[in-house]
Amino acid sequence: MSLPPGRLALEGVSFAAGGRALVQDASLEVAPGEMVGLLGSNGAGKSTLLRTIYRINRPIAGRVLVDGEDAWSQSAAWVAQRVGAVLQDMPADFPLTVEEVVAMGRSAHKRLLEPDSTHDHALIDAAIALLELESFRARPFRTLSGGERQRVLLARAMVQQPRILVLDEPTNHLDIRYQLSLLRFVREIGVTIIAALHDLNLAAMFCDRLCVLDGGRVVATGRPDDVLTAERVSEVWGAEMIVQRHPTSGKVWLLPA
Amino acid sequence: MRAVADPPAQETSPEDRQRAELLAILRSPPPSSVAAPRPPPVALPAGAPTSAGARRGRHLLALAGMTSLVVVAGLAGLMIGSVHIPAGTAGAIFLHWISGGVLFEPTWREAYEIIVVQTRVPRVILAAVVGGSLGVCGMVIQAIVRNPLAGPSILGVSSGAATGAVVVMRFGLVTLGAFTLHIAAFLGGLATLTIVFWIARTGGRMTPTRLVLAGVAMSAVLSAFTSLLVLTSPDPQLAARVLFWTLGGFGGAQWKLLPIPVAALALGLAVMLVQARRLNLLMAGDESAVALGLNVEAHRRAMFVLTAALTGITVAVAGVIGFVGLIMPHIVRLMVGADHRHALPAVALLGAAFTIAADLVARSIIAPLELPVGIVTALVGGPFFIWLLRRDARSLAGAP
């Protein structure tokens, strides 16, 4: 008996700030259990679009549907019970320990004054063990390196038990070993994932489908083979690449031309 | 590192099995929502400190230690003064009185009982309640403006309350009876709260920065206004009285004054404890807090009004006492951690003990005269704060 993955749908989502349209009419469906990579150059609107899902940026048009319900007409707690987000970093002004930061993930599931249950402790212990954080457990969060923080924030999102996981540049700060282990881990847990990624090869390797943003608009959605063509990479990123096949997996593999 | 594209490994090493079990736990629904038996406990890697019990023991120990500090400081507060009363007698009088005459037969001089019950008990209680209120207010304000260097006075309410009191002193308004000064101070604080709230909300979002800036700006304007009132006053004594008020003290303690601050602290602390889990989320930053399910705006607004009102009441009964609300939360976080569920009761107790002790120093060091207690708290708290800043900067610079 395990929690089922959720269904995410963006329907014509637009967002503007300071009079500038940052995302325009973005539509995308992510099926239960699917992982979709959000690609695009810097400033293409990837993070901005992700923030409409976890209720930071309220869309000026369009809808964000979580399991068929409009996320913006539900409460923050309702969304947090279903959508977990791994943000790029967290301010660390207070001496919170790693364990306390991870335990925060349970908040949306707790009533006021409800103490932590054995289930909560089991989840926290499991997430800490899986993300290899045992030795940091009692350390202050602010003394960790960028990569270690990233793993703590992923552990926090895991104990939130989301049906949909939003990852914003999850491999930032991570060395290649942890990049691979993080992406492998999130695929293993059986959750629906939408992730903003910079590394096109890792995106092709781990994602079921890719969605490319350019200037705040969706310019392509589809399987990695269909999306990552030399022409599109040149068009969107202004970089000339050679399209190859990965020697063992057969997936798209891009090399600088 | 196994690449994801490899065919699934068929051999199940103990490590793989454990990993699979941990993954199953992560995706298991809470036991209440299904009738399924709880997953069996998984053996965690050796050395895993699953010590929830030990941690609870440590918190209780810290709370017990702080409670005894309050008792010791309180007893000293009953003993020491113009007439010295031995500890045994002071304690016996207190217990005799609080038990309604059941405990201890009076063998002491009646004058002792009058001094203890009529003068020193209300004074100690007032100091404890004000110190406890400043402690919890400081801790909550630091969380809502996400700045550990903030204190209750940063919201501008203290200055507003002081201004209210000064207006009454300056123009000799005593229309509201014996408590005119206190009522005026509270109204001044309330008016400032409203204005700061209104400034900080302009544009729809009440961010920590806007809140701090609005509070600081209002404080500056109000202090200038207070100074103006004092300097243009025909009464040469006014400056000294105002100075005393703005540095705080418990010289005005009497039984009639106690019910409101006591009730306010009890109510305020209860609400804060109910909200403790949410206050924790604020420490993680607004974006994290939203992603973790908190309605940040509404929560920050509610906590701002609560702490500002509680601060206003403390200033109304005891003047502006600095550093208690700034320093106590730091000491408590060092001792029991930053989790508000444990830190809030602890900071209430430590703030109470510290303020009782500070008042004791203030009234005995140049007896029979009294120092404003704010001078004592600043002289003790200021250097400690500087030490804390330097230590913090060093430990962060040394972080990997």
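Which residues does Asn201(A) touch, not counting residues up to four places away in sequence?

## Overall form of chain A

The structure is a predicted model. Chain A contains nine helices and twelve strands. The radius of gyration of chain A is 18 Å, close to the 18 Å given by the globule rule for 257 residues, so chain A is as compact as a globular protein of that length. Taken along the principal axes, the box filled by the C-alpha atoms of chain A is roughly 55 × 40 × 40 Å.

Of the 257 residues in chain A, 56% are buried. Contacts across the sequence can also be described: among those in chain A between residues at least 6 apart, 63% join residues at least 24 apart.

## The annotated domain

The UniProt record, an unreviewed entry, places the feature "domain: ABC transporter" at residues 8–240 of chain A. Over residues 8–240, chain A is 34% helix and 26% strand. The end C-alpha atoms of this stretch are 33 Å apart.

## Asn201(A) and its contacts

Asn201(A) lies in helix H7 of chain A, which covers residues 200–206. The answer to the opening question is that Asn201(A) touches Val252(A), Trp253(A) and Leu254(A), when residues up to four places away in sequence are not counted. A further residue, Leu255(A), is 54 residues from Asn201(A) along the chain, and the C-alpha atoms of the two are separated by 9.0 Å.

Is Asn201(A) buried or exposed? Its relative accessibility is 16%, and a residue counts as buried under 20%, so Asn201(A) counts as buried.

## Two loop residues with positive phi

Arg55(A) is found in the loop of chain A between helix H1 (46–53) and strand E4 (61–66). Phi of Arg55(A) is near 65 degrees, which is a positive value in a residue other than glycine. Arg55(A) counts as buried because its relative accessibility is 18%.

Glu132(A) also has a positive phi, near 55 degrees, and is likewise a residue other than glycine. The loop that holds Glu132(A) runs between helix H4 (118–130) and helix H5 (146–159) of chain A. Glu132(A) has a relative accessibility of 37%, so this residue counts as partly exposed.

## Gln150(A) in helix H5

Gln150(A) is found in helix H5 of chain A. With a relative accessibility of 1%, Gln150(A) counts as buried.

What does Gln150(A) touch, not counting residues up to four places away in sequence? The residues in question include Val86(A), Leu87(A) and Gln88(A). Also among them are Glu169(A), Pro170(A), Asn172(A), His173(A) and Leu174(A).

## Overall form of chain B

Chain B has 15 helices and zero strands. Of its 400 residues, 47% count as buried. For contacts in chain B with a separation of 6 or more, residues 24 or more positions apart account for 74%. The accessible surface of chain B comes to about 18,400 Å², and 69% of this area belongs to carbon and sulfur atoms.

Thr314(B) lies in helix H12 of chain B, which covers residues 296–318. The relative accessibility of Thr314(B) is 5%, so Thr314(B) counts as buried. Not counting residues up to four places away in sequence, Thr314(B) touches Val130(B), Ser133(B), Leu134(B) and Gly319(B).

Leu326(B) is found in helix H13, at residues 324–336 of chain B. The relative accessible area of Leu326(B) is 13%, and Leu326(B) is therefore buried. Leaving aside neighbours within four places in sequence, Leu326(B) is in contact with Gln142(B), Pro148(B), Leu149(B), Ala150(B), Gly151(B), Pro152(B) and Phe385(B). Leu326(B) and Thr355(B) are 29 residues apart in sequence, and their C-alpha atoms are 13 Å apart in space.

Notes: Residues numbered from 1 in each chain as written. Chains lettered and ligands numbered in written order. Predicted model: local features only at pLDDT ≥ 70, side-chain atom pairs only at ≥ 80, totals over all residues. Heavy atoms only, no water. Helix = DSSP H or I, 4+ residues; strand = E, 2+ residues; numbered from the N terminus. Rg over C-alpha atoms; globule rule 2.2 N^0.38 Å. Buried < 20%, exposed > 50% of the residue type's maximum accessible area, 1.4 Å probe, protein only. Contact = heavy atoms within 4.5 Å. UniProt positions renumbered as here; feature names shortened; annotations may be inferred. Areas by Shrake-Rupley, 256 points an atom, 1.4 Å probe, with all protein chains shown as cover.
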